[in-house]
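Hello,

Here is the structure I promised to hand over. Please have it open while you read; my notes follow below.

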Amino acid sequence: MPGVLQGALYRRVPTCAPPTSMSGAEPDPISMRRPWHYRRMASTIEQVRGIGYEGHTIESFLAVLSDARVECVIDVRLNAISRKKGFSKRALTDALTGAGIEYLHLPGLGNPKDNRDGFWKPDTSLASIAHAEYRRMLKSERARAALSVLLEVAETKSVRLLCFEEREERCHRRLILESLENLESSNGAPRPR
């Protein structure tokens with residue numbers, strides 16, 4: 001019975017897949033059920049996750065990235081500096097390059113210093129204010145340009161958004177991921193699981 005229901009549902013969804021001559025391979029009938037631009041967005045968002053270097057040495061951090069087969073680290077700190085050895089921009093770039101991982105710094109997605117306290121105190125009124133301020137900042141031209149770059153990279157690579165905090169609920173990268181999911185759902189594609 002599920003096959004009949006699915007068939008009826010998908011007959012109502014137009015298929016706008018690019019011609020097979022573009023990809024050089026025969027299309028997979030299952031993947032052809034949604035328009036191609038929805039499928040591309042869904043797979044792009046699934047390529048992006050967050051990671052914090054809190055509690056890591058550069059060696060353990062590289063091991064985590066390598067185990068996850070990460071191809072690009074996108075640094076979303078406003079200033080790519082750290083008192084922790086190996087995590088300032090130059091040293092981190094060198095370490096990642098040595099491990100075969102690309103590095104990209106997008107300061108347009110950084111959280112201003114005066115807005116960080118709320119992120120360190122989840123589920124408080126200060127957190128609500130900080131989150132609202134960061135969401136407002138994500139609508140700026142600079143942040144939207146950075147999000148576009150992030151999406152472009154994620155079309156072809158497995159990406160980790162880098163900041164300090166280990167726990168994502170205490171970091172602005174959670175709101176970047178949320179913003180990507182909202183972009184995805186506004187384009188009509190399903191949310192990643």
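**Aromatic residues**

One aromatic cluster is formed by Y53, F61, F87 and F164. Please keep in mind that the model is predicted. Searching the whole structure gives 4 aromatic pairs. One of them is Y53 with F164, an edge-to-face pair. The ring centres are 5.2 Å apart, with 80 degrees between the planes.

Where do Y53 and F164 lie? Y53 sits in the loop between β1 (48–52) and α4 (58–67). F164 sits in the loop between β4 and α8 (173–186). The pair therefore ties together parts that are 111 residues apart in sequence. Y53 is buried, because its relative accessibility is 3% and the limit for buried is under 20%. F164 has 34% relative accessibility, so it counts as partly exposed.

F119 and Y134 make another pair. Their centres are 6.2 Å apart and their planes are at 90 degrees, so this pair is edge-to-face. F119 is in the loop between β3 (102–105) and α6 (125–137), while Y134 is in helix α6. The two residues are 15 apart, and the pair links distant parts of the chain.

**Pockets**

The largest pocket has a volume of about 720 Å³. Its lining has 24 residues. Nearest its centre are Y53, R116, W120, F164 and E165. By class, the lining of the largest pocket has 11 charged, 9 nonpolar and 4 polar residues.

The second largest pocket has a volume of about 300 Å³. It is lined by 13 residues, and L138, R144, L147, S179 and L183 are the closest to its centre. Which elements give two or more residues to this lining? They are α7 and α8. The most comes from α8, with 5 residues. The lining of the second largest pocket divides into 6 nonpolar, 3 polar and 4 charged residues.

**Nonpolar cores**

The largest nonpolar core has 26 residues. Those that touch the most other members are I74, L109, L150, L161 and I176. At least two residues of this core come from each of β2 (72–75), α6, α7, β4 and α8. The largest share is that of α7, with 7 residues.

What is I74 in contact with, leaving aside its neighbours within four places in sequence? The list is L104, L106, L150, V153, V159, R160, L161 and L162. Among them, L150 and L161 are also named above for touching the most other members of the core.

There is a second, separate core of 16 residues. It includes F61, F87, A95 and I101.

S158 lies in the loop between α7 (141–154) and β4 (159–163). S158 is buried, with 11% relative accessible area. Setting aside neighbours within four places in sequence, S158 is in contact with Q47, A68, R69, V70, E71 and C72.

Best wishes

Key
Residues are numbered from 1 along each chain as its sequence is written. This is a predicted model: local features need pLDDT of at least 70, side-chain atom pairs count only at pLDDT 80 or more; totals for chains, interfaces and linings use all residues. Side-chain values use heavy atoms; hydrogens and water are left out. Helices (H or I, at least four residues) and strands (E, at least two) are DSSP runs, numbered from the N terminus. Buried means under 20% relative accessible area, exposed over 50%, partly exposed in between (1.4 Å probe, protein chains only). Contact means heavy atoms within 4.5 Å. Rings of Phe, Tyr and Trp (its six-membered ring) pair if their centres lie within 6.5 Å; planes under 30 degrees apart count as stacked, over 60 as edge-to-face and the rest as tilted. On a 1 Å grid over the protein atoms alone, a cavity is a set of points where a 1.4 Å probe fits but cannot get out, and a pocket is an open set with protein on both sides within 12 Å along at least five of seven lines; lining residues have an atom within 4 Å of a point. Grid points are joined across faces, edges and corners, and a volume is the space filled by probe spheres set on the points. Ala, Val, Leu, Ile, Met, Phe, Trp, Tyr, Cys and Pro count as nonpolar, Asp, Glu, Lys and Arg as charged, and the others, Gly among them, as polar. A nonpolar core is a set of buried Ala, Val, Leu, Ile, Met, Phe, Trp, Tyr and Cys residues joined through side-chain atoms within 4.5 Å.
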